[in-house]
Amino acid sequence: MKKFLLLLATLSLTWSSCNSDDNDPTSEICDFLVRVDAQKFANTTTSGYSIISAGIEDDCLSIQIESGGCDGNSWVPELIDSGSIAESSPEQRSIILGLTNTEPCDAIVLRTYTFELTPLRISGSNAIILRLTDWDGELLYAY
């Protein structure tokens, strides 16, 4: 009986850890957590919105966008890193903002989102340059 209960407990723990939702990263310090995913980066487009401003404060990248919609409350933003690091001083990473917007209204809406950058840190470095697709400014992330 003890072996059966031990097996049942082990299977339960294994099953619950396999079913954790690793596809929905969360942040405790910003609105969202950046995702490192080369395939998703390559398949993300920047159509349907414009970046108004972008800046880094502490470990968060703040991006203000405008897009058509009702109020922007149902928008789903996602910041994706390409997974590659360009060798320079400081090193560089490429990021892109994806936006899911299914709102049927035609009003121009401004929204600001923050994304935690700590997953982009490079060991042995204290700063990186972030190249945000469709943003002309240079973003220096010092940590």
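Arg93 and Asp81 are both buried, where buried means under 20% relative accessible area, exposed means over 50% and partly exposed lies in between (1.4 Å probe, protein chains only). The structure is a predicted model, in which local features need pLDDT of at least 70 and side-chain atom pairs count only at pLDDT 80 or more, while totals for chains, interfaces and linings use all residues. Residues are numbered from 1 along each chain as its sequence is written, and side-chain values use heavy atoms, with hydrogens and water left out.

Arg93 and Asp81 form a salt bridge, with their closest N and O atoms 2.8 Å apart; the term stands for a side-chain nitrogen of Lys or Arg within 4 Å of a carboxyl oxygen of Asp or Glu. This pair links distant parts of the chain, since Arg93 lies in strand β6 and Asp81 in strand β5, twelve residues apart. Helices (H or I, at least four residues) and strands (E, at least two) are DSSP runs, numbered from the N terminus. How many salt bridges does a search of the whole structure find? The search finds five.

Another of these bridges joins the side chains of Arg35 and Glu78, at 2.9 Å from N to O. Here too, distant parts of the chain are linked: Arg35 sits in strand β2 (residues 35-36) and Glu78 in strand β5, 43 residues apart. Arg35 is buried, with a relative accessible area of 16%. Arg35 and Glu78 also belong, together with Lys40, to a network of salt bridges.

Asp59 and Arg121 form a further salt bridge, their closest N and O atoms being 2.9 Å apart. The two residues are 62 apart in the chain, with Asp59 in the loop between β3 (50-57) and β4, and Arg121 in the loop between β7 and β8 (127-132).

Leaving aside residues up to four places away in sequence, Glu116 touches several others, among them Cys30, Phe32 and Asp59; contact means heavy atoms within 4.5 Å.

A disulfide is a covalent bond between the sulfur atoms of two cysteines, and the rule used here is a pair of cysteine sulfur atoms within 2.5 Å. By this rule there are two disulfides. In one of them, the sulfur atoms of Cys30 and Cys60 are 1.8 Å apart. The torsion about their S-S bond is about -90 degrees, so this disulfide is left-handed. Cys30 lies in the loop between α1 (2-18) and β1 (32-33), and Cys60 in strand β4 (residues 60-69), 30 residues apart. Both Cys30 and Cys60 are buried.

Cys70 and Cys105 are joined by a disulfide with an S to S distance of 2.0 Å. Their link is right-handed, with 80 degrees about the S-S bond. Cys70 is partly exposed, at 35% relative accessible area, and Cys105 is partly exposed too, at 32%. With the bonded cysteines of the protein chain numbered in sequence order, the pairing reads 1-2, 3-4.
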